[in-house]
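Here is a short note on the model shown below. The points go residue by residue, then turn to the salt bridges.

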Amino acid sequence: MENKKNVLGKLFFSTLYLSTFTFGGGYVIVTLLKDKFVDKLHWIEEDEMLDLVAIAQSAPGAIAVNGAIVIGYKLAGVPGILMSVLGAILPPMVILSAISFCYEAFSSNAVISAMLYGMRSGVGAVIASVVWDMGSGVFKEKKVLPIIIMFASFIANYWLNVNVVLIIITVAVLGVITTLINQKRGTAS
């Protein structure tokens with residue numbers, strides 16, 4: 001990897017750029033983080049990125065900021081956290097501050113309302129892409145338990161309306177149990 005100063009600069013400007021041009025929330029930025037840090041810069045492996053995203057999703061707070069924290073820490077420690085978080089929070093802070101001054105005009109403008117409504121389709125497509133990328137990664141491993149857990153989690157949330165927090169806790173406990181069993185057997189998980 002490059003020298004630390006160069007990495008910190010790229011972390012800041014990458015997260016600044018992604019945060020500036022990402023609409024639709026945290027799950028949208030996951031695909032863009034993967035594209036930047038896995039596919040283009042090759043700083044993180046794809047399976048490691050999935051682990052970092054899982055950590056970001058499990059932590060309280062915005063997934064975009066949590067993702068910036070875990071990637072920043074992985075690449076450059078505490079300075080990496082500071083630079084990536086600064087890059088991730090600056091654009092929304094500036095944009096929301098500007099919008100709050102003009103809220104009255106925006107809230108009644110039909111063109112802006114139509115534009116925001118149209119963006120929902122794009123956000124849905126990006127979220128579908130995230131699901132496809134992450135789901136295909138699980139299938140590539142060809143391990144039965146993660147596939148069953150993925151489908152069971154979807155069914156539990158979508159059709160049975162089980163709270164996501166309960167699903168995350170259950171899957172975390174299953175992960176700990178599986179890891180402990182595999183360690184006793186002497187196999188890698």
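1. Pro146 sits in helix α7, which spans residues 144–158. Helices here are DSSP runs of H or I with at least four residues, numbered from the N terminus. Pro146 has 30% relative accessibility, so it counts as partly exposed; that class lies between buried (under 20% relative accessible area) and exposed (over 50%), with a 1.4 Å probe and protein chains only. Val171 is 25 residues from Pro146 in sequence, and their C-alpha atoms are 9.7 Å apart.

2. A word on the basis. This is a predicted model, in which local features need pLDDT of at least 70, side-chain atom pairs count only at pLDDT 80 or more, and totals for chains, interfaces and linings use all residues. Residues are numbered from 1 along each chain as its sequence is written, and side-chain values use heavy atoms, with hydrogens and water left out.

3. Ser19 belongs to helix α1 (residues 4–20). Is Ser19 buried or exposed? Ser19 counts as buried because its relative accessibility is 11%. A polar atom of the Ser19 side chain lies 2.6 Å from the backbone oxygen of Ala88. Leaving aside residues up to four places away in sequence, Ser19 touches Ile29, Gly87, Ala88, Pro91 and Pro92. Contact here means heavy atoms within 4.5 Å.

4. How many salt bridges are there? The count comes to 3, where a salt bridge is a side-chain nitrogen of Lys or Arg within 4 Å of a carboxyl oxygen of Asp or Glu.

5. Lys34 and Asp39 form one of them, at 3.1 Å from N to O. Lys34 is at 15% relative accessibility and therefore counts as buried. Asp39, at 35%, counts as partly exposed.

6. Asp35 pairs with Lys40 in a salt bridge, with 3.2 Å between the closest N and O atoms. Asp35 has 28% relative accessibility, so it is classed as partly exposed. Lys40 reaches 54% and counts as exposed.

7. Glu48 and Lys74 also form a salt bridge; their closest N and O atoms are 3.0 Å apart. This pair links distant parts of the chain: Glu48 lies in helix α3 (residues 46–58), Lys74 in helix α4 (residues 63–101), and the two are 26 residues apart. Which accessibility class does Glu48 fall into? Glu48 counts as partly exposed, because its relative accessibility is 25%. Lys74, at 40%, counts as partly exposed.

Terms used
A polar contact is a pair of N or O atoms within 3.5 Å; within protein, one must be able to donate a hydrogen and the other to accept it, and residues adjacent in sequence count only if both atoms are side-chain atoms.
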